[in-house]
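Please take a moment to look over the sequence and the three-dimensional structure before reading on.

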Amino acid sequence: MLTCPNCGKRNVGEFSYKGSYNKRPDAAASFDKWVDYVYMDENPTGMNREWWYHGNGCKRWFIVDRDSMDNLSHKSQWFSEV
Amino acid sequence: MSKVKRIEKHDFISLPSYSDSFTFTFNGKTITANEGDTVASAMYAAGQQLVSRSFKYHRPRGLKDNFGQGPETLVTIDHAPNLRADTIMAKKGMAVISQNHVGSLENDLMAINDTVIRWLPYGFYYKMFHKPKWVWKIVEPIIRKAAGIGSIDTKGHAVDTRYEKRYRFPEVCVIGAGPAGMAAAKGALDAGKKVLLIEEQANIGGRSQHTFVNVNGCADTELNEISENEAGKLLMFEILGNPNLEVMTLTQVFAVYEDNLVAAYSGTDLFKIRAENIVIATGATDRHLVFENNDKPGIMTGRGVERLIAMHAIKPANEAVVVTTHNGGYHTAKLLHGAGTKVLAVVDGRSSVSNTKEVEEIKALGIKVIENQTIHKAKGSKCVTGVAIGSKDGKQSGESFNCDMLVMAVGYKTQLSLLAMGRHKPAWDKEREVLKITKDTPNMYAVGDINGYASFGHLYNEGFAVGQRAAKGEVAIEDSRKPEDNIMALPADIECGGDNHFICPCMDVTRNEAIGSIAEGFDQVETLKRYSSMGMGPCQGKTCHEAVARLTAKDTGLGINDAAPTTYRPPYNGVKLGLLAGRAPHLGPVKRTAMHAWHEDNGATFLNAGQWKRARDYGDNLQEALNVRNGLGIIDVSTLGKIEISGPDALKFIHFMFPGKFARLAQGKVRYSTMIKEDGIIFEDGTLAHVEDGVYYLSTTTGNQDAIEGLFRWWILTDGYEAYIRNLSGVNAAVNIAGEKSRDLMEHLVDIDMDNEAFPYMSCREAEIEGVEVMLFRIGFTGELSYEIHFPSEVGESMWSHIMAKGGKYHIKPFGLEAQRILRLEKGHLLPGVDTDALSNPFEAGVGFTIKDDKENFIGKAFLKDFKEKGIRNRLVSYKLEKGAQIPDDGVAVLKAGEIVGRVSSSRYAPVFGHGVGLAWVTKELSEAGTKIQIRCANGSDVAGEVLDHCLYDPEGIKLKS
């Protein structure tokens, strides 16, 4: 189950996962920075800040702080609140 | 085979009365069943004790626990193999057949494996047929054929079965509807919670359905001083009246996953249940006793026999011997006696039997009680004809009896599978002599016999209290059992091994084979299991895991805790792949276009495109393609993604999302564009139309529409564009009218100027057809003069019919997706995702013209710059084949001097030219027009292709533009 800030607790199948919450580099950033941004996701053990999309629901994006060890404890919030 | 029959009345209990009877067949033989019968109980009542043949030695097997735990009752029902006959309700007209024999079930020719040569001993696949290597190739098919269970129905009788996925979100989910499960449900219901109660069997009540001892000590005093059977019924009626309770019977929970996801199935429905709290009340089943010929038909467990009598009104046998270690055996003996079976003796493994009420009763009935002894062997070929008992160490023989049934009531093994499932290892509870899970899982509770045997009153109290705690999500309470409820665990496995002492009935592994494996060094439970294959059969250890652990401990000298069973993993029971797959390749709704019915009526075959059903063809895709080239065709393109982009920042947003420049895209104009990901890879293409001032209409492929909408929303959110998205994909239906005559038809349909100058290629117009506002786009995926008409879906069918009627004069014909794929290939148009993959950069794919990289910032800019600097290494090219050459499959290799230098991404026969065409990825050196390429077909033969400059059909685009 995942909590959507708009719809509440819903089955995780309603959502899609985009990846870690990373800031996009400036257009002028070095190519290495871009390679890092596109290919190097840290996938840490434990808490991680991620993007989720309620595609089969309210179609809104939000941020989830999720513990990858148990998938149970997580906190969802809007992008504007981060 | 003994004569079995239904009984009208029982000396001690009232029997269920069934009015309706019907018939089904077993191996062609007619079996009469009553309402409420399982397939197995009906067969038993009809005298069909022999149900199956065992895995390796083809030994006769029959009903044993009558609870669906072991492999004995595996049968094929109506072409579906490996169903457990004791869990399936009998239905009128079922065709049941037995499995795993050559010749008849009664005279299985393969039974020679048992009697003459045992050529598949333990560990045989590690030892035999190794050298020389070629031997395995010869013997493998023979072994596979000999050692197997049911056969898959290759004729596909079951393919029409429709499987569904369903969802439940109870506050408390109780698994198992025995006394403790019912009480837990009551506890949670009393606390005001929504409760889902799941039961594997047809009726709820669990063991109370066949237990008749008096209840006492129950917190609900109304249930005291009546029999457990009546108390169970009262409890059942009480909870069934509660509207907050949902009961699912004949529903098998096969796994409990992370986050309290309970997976269950019932018939053709798969249930995904998210429960806030789970109460596991799966109870216990009779222990598995290992002695000589312990697998013969006629040897049954105590509870299995009780179920036959109390639930199906069957007299199980003429003469029986009961082996026991606790009062339960006396209860079974009493039920047998009352049903008319002569109980020759109760053999009690306890060294001294105290004169409890149960024992006194049995003695009063004139039944002999023999203390401190156990069963040594069963005799008989296809069914038990006699037993021999003796001392518990197996050394001294005792009495022999001639009987047609042996009952094992030697205590219970706890059903820990769902509780443990990949999380915890069971440990041996010395005090209660059962396996137990000692660690708690949050929001999960265990009640009932799963914690060790207890009386009904005790189970009720425990269940109710835990149900109340589960309702509040409180920590589980420490369970307790009275000392007198403990049943000794090491009762009656006699010490000596033997060739016919079966530990694992699924894989036919005997005690001697286990001892032999241990002697070879496999002296840990984990290695022993893998080497001997004990517990690896259809029941996955449900029958034998406790016996394996217990006997391994005995045979290796390991402590009982070190000999704990191997990890329990899902699924608990076999699950049909159809259930897991569901009816559609996706979980979303199946989408049909507004014109779907017309396509169906006109003989269309359909294929899945994302969630959509698209008409593939109307019987002849080549002719459909030719109709477009030589006349006039129409295709339903309603499934295309259609996204409207508007708002003050619309153009700025488009400039960021797409690689091209659109500032000069005037209103009424359309442009082709690719979509590039941040990694510079092409993932989609489509047309972008400037439909109203500042409003853009994007037309994309069917499969990516939702992903693109999500992507747009993400960028609007993160970068703060004031742009608005409307996904009109399902809102608008669309058709494409293609062919030389399309302009003539359009002039009949709309009253705007259709002249080439007034409405040129790559432009869009608003118009009206029969009073409906429509958008017209002059674009051409097929390479012909063509118009796409977009209109509201609700008029889809009438609009289609109207166009077809008006087009009759021009002999308009529908064409399907397959014809369109041929047409676009003749024209050399790529399809993202078909002709491109996760490595396809747009320059190499030949769509570099859509990229204007002198923009300041847009998606993929950094990588596109890098690609440009690195230069072209491969190219996507059109090619043609010679007339008569074989058409290669999509995806085959392109070779040069024996080396793979590329691959074909799309390949079709082009009817207008009479030879094959396609698109292929080749190295840069091979990409020049006129280069000959060698394509290797899937069947190994090579065809020669010639690389084309651009495409074969109308390379100048004259047809499109005039």
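Is the crossing of helix 18 of chain B and helix 19 of chain B right-handed or left-handed? The model is a predicted one, and in it the crossing of helix 18 of chain B with helix 19 of chain B is right-handed. Helix 18 of chain B covers residues 650-657 and helix 19 of chain B covers residues 705-719, and the two pack at an angle of about 115°, with their axes 12 Å apart. Because angles of 65 to 115 degrees count as roughly perpendicular, helix 18 of chain B is described as roughly perpendicular to helix 19 of chain B. On the side of helix 18 of chain B the contact is made by F653(B), F656(B) and M657(B), while helix 19 of chain B contributes L711(B), F712(B), W715(B), I716(B) and D719(B). Sorted by class, this contact of helix 18 of chain B with helix 19 of chain B has seven nonpolar residues, one charged residue and no polar ones.

Helix 7 of chain B, residues 302-312, packs with helix 8 of chain B, residues 327-338, at an angle of about 30°, and their axes are 10 Å apart. Angles under 35 degrees count as roughly parallel, and helix 7 of chain B and helix 8 of chain B are therefore roughly parallel to each other. The crossing in which helix 7 of chain B passes helix 8 of chain B is left-handed. From helix 7 of chain B, G302(B), V305(B), E306(B) and I309(B) meet G328(B), H331(B), T332(B), L335(B) and L336(B) of helix 8 of chain B. By class, the residues of this contact between helix 7 of chain B and helix 8 of chain B divide into four nonpolar, four polar and one charged.

We now turn to the sheets of chain B. One open sheet has five strands in the order 3-2-8-6-7 (chain B), with mixed pairing. Its edge strands are strand 3 (29-34) and strand 7 (80-84) of chain B, each of which pairs on one side only. Direction ignored, neighbouring strands of this sheet are turned by 40° against each other on average. Within the sheet, strand 2 of chain B, residues 21-26, pairs with strand 3 of chain B in the antiparallel sense over six bridges, and F22(B) has A33(B) in strand 3 of chain B as its bridge partner.

Strand 42 of chain B runs antiparallel to strand 43 of chain B, residues 772-778, and seven bridges join the two; in strand 43 of chain B, V772(B) is the bridge partner of I769(B).

The peptide bond from P570(B) to P571(B) is cis, with omega near -5°, and P571(B) is found in the loop between helix 14 (545-556) and helix 15 (577-581) of chain B.

The wider layout remains to be described. The domain assignment of chain B gives domain 1 (5-110 + 288-409), domain 2 (165-285 + 414-485), domain 3 (490-556), domain 4 (590-639 + 731-840), domain 5 (641-728) and domain 6 (873-961). The C-alpha centres of domain 3 of chain B and domain 6 of chain B lie 62 Å apart. Chain A, for its part, has one helix and six strands, and from the N terminus on its elements run β-β-β-α-β-β-β. The C-alpha trace of chain A spans about 40 × 25 × 20 Å along its principal axes.

How values were computed: Residues are numbered from 1 along each chain as its sequence is written. Chains are lettered from A and ligands numbered from 1 in the order in which they are written. This is a predicted model: local features need pLDDT of at least 70, side-chain atom pairs count only at pLDDT 80 or more; totals for chains, interfaces and linings use all residues. Side-chain values use heavy atoms; hydrogens and water are left out. Axes are lines fitted to C-alpha atoms, for helices over the stretch in contact, and angles run from 0 to 180 degrees between N-to-C directions. Helices (H or I, at least four residues) and strands (E, at least two) are DSSP runs, numbered from the N terminus. Angles under 35 degrees count as roughly parallel, over 145 as roughly antiparallel, 65 to 115 as roughly perpendicular and the rest as oblique. A crossing is left-handed if the near helix is turned anticlockwise from the far one by less than a right angle, and right-handed if clockwise. Contact means heavy atoms within 4.5 Å. Ala, Val, Leu, Ile, Met, Phe, Trp, Tyr, Cys and Pro count as nonpolar, Asp, Glu, Lys and Arg as charged, and the others, Gly among them, as polar. Domain bounds come from an automatic or database domain assignment. Two strands pair if DSSP finds at least two bridges between them.
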